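Keep the model open beside you as you read.

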Amino acid sequence: LDGMLRNPQNQLESLNLEYTGLEDHHLIALANLLPASKVKSLHFKFNKIQSHGLLEFTRRIPKMTFMTKISLSWNPWESSPLEVREECGKALLCATMENPCFTWVDELRGFPQRDRLCHQLALNRTLRKLLKPYRR
């Protein structure tokens, strides 16, 4: 996967890693590769992602210029204490504000900032639609 994502000739746009036993260190390693790739959507539902892995992943989203969608629900991070989920939600909100390409997250129920995240993702979708005629 490392070589494939680093290859500028690679045209992979969607990566589905659901039910693969993905753990924090896998997700963090993948997050470090995604900025160099053309992957637009990443699905990692139903794995073993804890709050640490999610937090580190979300902190790298601003550098993922092609990424528009992630599917992250049904992972152990959703059972984290409220203050930990708040920290993850804050990082995700900051990431969506810094990266207007990012427009969709499958489930936001685990984040206390759910409403703000929905609003920001809607703003990003609107911005993309407005700017679409000006892109080459």
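Glutamine 113 counts as buried because its relative accessibility is 13%; buried here means under 20% relative accessible area, exposed means over 50%, and partly exposed is anything in between, with a 1.4 Å probe and protein chains only. You will find glutamine 113 in the loop between S4 and H5. Helices (H or I, at least four residues) and strands (E, at least two) are DSSP runs, numbered from the N terminus. Setting aside neighbours within four places in sequence, glutamine 113 is in contact with Arg85, Glu86, Gly89 and Lys90, where contact means heavy atoms within 4.5 Å.

A word on the ground rules: this is a predicted model, in which local features need pLDDT of at least 70 and side-chain atom pairs count only at pLDDT 80 or more, while totals for chains, interfaces and linings use all residues. Residues are numbered from 1 along each chain as its sequence is written, and side-chain values use heavy atoms, with hydrogens and water left out.

Now to helix H4 (residues 82-98). The buried residues of H4 are Arg85, Cys88, Gly89, Ala91, Leu92, Leu93, Ala95 and Thr96. Their cover includes H3, strand S4 (104-105) and helix H5 (114-131).

H3 is the next stop. Seven of the 10 residues of H3 are buried, so this helix is largely enclosed by the rest of the structure. The buried ones are Ser51, Gly53, Leu54, Leu55, Glu56, Phe57 and Thr58, and what covers them includes H2, strand S2 (41-43), S3 and H4.

From H2, Asp24, Leu27, Ile28, Ala31 and Asn32 meet His52, Gly53, Leu54, Glu56, Phe57 and Arg60 of H3.

The strands come next. Four of them form an open sheet in the order S1-S2-S3-S4, with parallel pairing; two strands pair if DSSP finds at least two bridges between them. Strand S1 (14-16) and S4 are the edge strands, each pairing on one side only. Strand S3 (residues 69-71) pairs with S4 over two bridges in the parallel sense, and lysine 69 has tryptophan 104 in S4 as its bridge partner.

Finally, look at some loop residues. Valine 39, in the loop between H2 and S2, is buried, with a relative accessible area of 2%. Not counting residues up to four places away in sequence, valine 39 touches Leu5, Leu12, Glu13, Leu15, Leu34, Phe66 and Met67. Tyrosine 19, in the loop between S1 and H2, is exposed, with a relative accessible area of 60%. Phi of tyrosine 19 is near 55°, a positive value in a residue other than glycine. Tryptophan 74, in the loop between S3 and H4, has a positive phi too, near 60°.
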